[in-house]
Amino acid sequence: ELFDPGYIAGWSAAEHWELTEQVFRSVCVLTNRRTGYGSREIQGVSFFIKYISKGHIFGTKTIWKGPMKISISDPHKTIIDILSDPYLGAGLQHTLDCFKAYLNHIDKDLAKLLEYADKINNGALFKKLGYFGEINNLDASFVSHCQQKLTKGYSRLDSESKDQILVTRWRLWVPQHWTPND
């Protein structure tokens, strides 16, 4: 209710869907309500809040926590959200770990992942999704779909990293010392 319209997302959703074994102290929320960005504590609960456009509120499920009805991103939207902003995935390496867990998840649906990415329609997202698909050996049609959606500019896989190398195939700057296959 505090952040409606919105939903539990990012690391909190990844934890709920068992895409990670990490336990987080704060709840990640994406909302269309104009509230402050970043960390807030409300009635003893720590939240991380990020504003998103109303058109990006989709791909959610309703869960019940006791008497409370809560909206949470489904596993596919969780992956899309954390690829869009690796901070929501608790960093780049953890985002990749969640992506790999998704590939082994009972609810894995690569067509749904592409459908959601199409709905977001963001070139940087397709660069990241295609790159992650390629380094995880996803089938050629998945990777090809992402390549067809590439935009002309260059994007950063991780905006926090200083030393980066350009993966020209994806028009994506990747941290120089990051080894995604570890």
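## Terms and model

Buried here means under 20% relative accessible area, exposed means over 50%, and partly exposed is anything in between, worked out with a 1.4 Å probe on protein chains only. Going by that scale, Glu134 counts as partly exposed because its relative accessibility is 27%.

Keep in mind that this is a predicted model: local features need pLDDT of at least 70, side-chain atom pairs count only at pLDDT 80 or more, and totals for chains, interfaces and linings use all residues. Residues are numbered from 1 along each chain as its sequence is written, and side-chain values use heavy atoms, with hydrogens and water left out.

## Salt bridges across the chain

Searching the whole structure turns up 5 salt bridges (a side-chain nitrogen of Lys or Arg within 4 Å of a carboxyl oxygen of Asp or Glu). One of them pairs Asp85 with Lys50, with the closest N and O atoms 2.9 Å apart. This pair links distant parts of the chain: Asp85 sits in the loop between helix 2 (75-84) and helix 3 (92-103), while Lys50 belongs to strand 4 (residues 45-51), 35 residues apart. Helices (H or I, at least four residues) and strands (E, at least two) are DSSP runs, numbered from the N terminus. Asp85 counts as buried because its relative accessibility is 16%, whereas Lys50, at 21%, counts as partly exposed.

Glu134 has a partner too: its side chain meets that of Arg169 in a salt bridge, 2.4 Å from N to O. Glu134 lies in helix 5 (residues 123-135) and Arg169 in the loop between strand 8 (164-167) and strand 9 (172-175), so the pair ties together parts that are 35 residues apart in sequence. Arg169 is partly exposed, with a relative accessible area of 43%.

## Around Gln164

Now for strand 8, where you'll find Gln164. Gln164 is buried, with a relative accessible area of 11%. Its side chain reaches the backbone oxygen of Ser161 at 2.8 Å.

What is Gln164 in contact with, leaving aside its neighbours within four places in sequence? The list is Arg156, Asp158, Trp173, Val174, Pro175 and Gln176, where contact means heavy atoms within 4.5 Å.

Conventions. Polar contact = N/O pair within 3.5 Å; in protein donor to acceptor, adjacent residues only side chain to side chain.
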